[in-house]
Amino acid sequence: MAPPRLTVIGTGYLGATHAICMAVLGFEVLGVDVDEGKIAKLASGEVPFFEPGLPELLAKALESGRLRFTTSLAEAGAFGDVHFVCVGTPQQPGSDACDLSYVDAAVRGLAPHLDRRTLVVGKSTVPVGTAAGLTTLLHELAPAGTDVELAWNPEFLREGFAVDDTMRPDRLVFGVASDWADARLRAAFQPILDQGTPVIRTDLATAELVKVAANSFLATKISYINAMAEVCEAVGADVKDLADSLALDDRIGGKFLKPGLGFGGGCLPKDIRAFAHRAEELGVGQAVSFLREVDAINRRRRARTVDLVRELLGGRISGARIAAWGAAFKPNSDDIRDAPALDVARTMHGLGGHVRVYDPAALDNARLAFPELRYGESALDAARDADVVVLLTEWADFREIDPGALGEVVAHKRIVDGRHALDAAMWREAGWEYRALGRS
């Protein structure tokens, strides 16, 4: 069987990464998006977001001739044997529910151009039950009718590591309704399967649940150690030592057991909220009611970080010069969606602080979203004459700064380590007042 030709509907973070990597793996790929500007950038070799290694792979894929981009769903229907739907599923305004309008529009737009047996594969994170409705929609709108099948293949990308997660994933999940769909998916991932990547074949509903269940577990683990940080603060204990001790228990492990400012971004926060909302719709909300408290613990870490800054400043933020290191929700990314760093910076600005932000990759996005904040050209520039430095995103650039060099540019040697990223003893030995969440 000849390798299938692939289309990728939606060329945002997930879609562009998938299209580029699959072309590099040897498939003919057509990327599709309604955003003409985004398509023009990708076709000219420009990745419209920050992701290490992806620009080089885009150049390689374009040079090979295996990757093209278009705004035409009719062209996509004629071209593709397997169509990956990779559009966004944001949180609905004023609700915890998932906004499925982009998924619905993509399927409705593609279906009328499917006149032969083909496979449509959802990769977007959706509420359980979505695939069943989309299957009915495809059968109603596609000229090929029931010859068009739907499968679900959830993504597990980590921003900053998306290339490796796409080309060398730790597992693949295939939610399918037939042996034919399973065979088509295996053909579409053959180079990855040849590496020995494990595959879980399951039904559509389970495949939909895998991603939100995984994100809910990770969010719970992060919020658990941050809940312990609240207890540590009350009794004068050290949450870092506590976390290190728990990590040595092989039943628990140390991954995602890192105390600090908490999680953000475009996935974990909205996914756990949408999961809880959907469970309530299905009448099983009590089963995942703990996710509401997971979310609440995470939000409290932001307010508590502001409290630490206020305490270091003698009880008053107004008028203080504050260096905010970080804008992205995590290092190696320019994603500022629900970024704890910017939430803290904006809160301090609202309290009258003179806040200056620096981030190695996310400054342009931050300036566009929050023009009221001030921005520095480097970490040291943002910290010049600062009364306090606040580390909010754990970039290597910040972890590697010399306390002595920084001490020469600030007004006062005070630092709040919102990510437990710094060596507390080293900074204190250099004359700094050092504070971190959950540490005495």
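This briefing describes salt bridges in a predicted model. Local features require pLDDT of at least 70 and side-chain atom pairs pLDDT 80 or more, whereas totals for chains, interfaces and linings use all residues. Residues are numbered from 1 along each chain as its sequence is written, and side-chain values use heavy atoms, with hydrogens and water left out. Across the whole structure, the search finds 41 salt bridges, each defined as a side-chain nitrogen of Lys or Arg within 4 Å of a carboxyl oxygen of Asp or Glu.

**Asp179 and Arg201**
- Asp179 pairs with Arg201 in a salt bridge whose closest N and O atoms are 2.9 Å apart.
- Because Asp179 belongs to helix 8 (residues 179-188) and Arg201 to strand 8 (residues 199-202), the pair ties together parts 22 residues apart in sequence; helices (H or I, at least four residues) and strands (E, at least two) are DSSP runs numbered from the N terminus.
- Asp179 is exposed at 57% relative accessible area, while Arg201 is partly exposed at 40%; buried means under 20%, exposed over 50% and partly exposed in between (1.4 Å probe, protein chains only).

**Glu230 and Arg300**
- The closest N and O atoms of the Glu230–Arg300 salt bridge are 3.0 Å apart.
- Glu230 lies in helix 10 (residues 204-235) and Arg300 in helix 13 (residues 290-312), so this contact ties together parts 70 residues apart in sequence.
- Glu230 is partly exposed at 26%, as is Arg300 at 35%.

**Glu433 and Arg414**
- Glu433 and Arg414 form a salt bridge at 3.6 Å, N to O.
- Glu433 is partly exposed at 43%, whereas Arg414 is buried at 16%.
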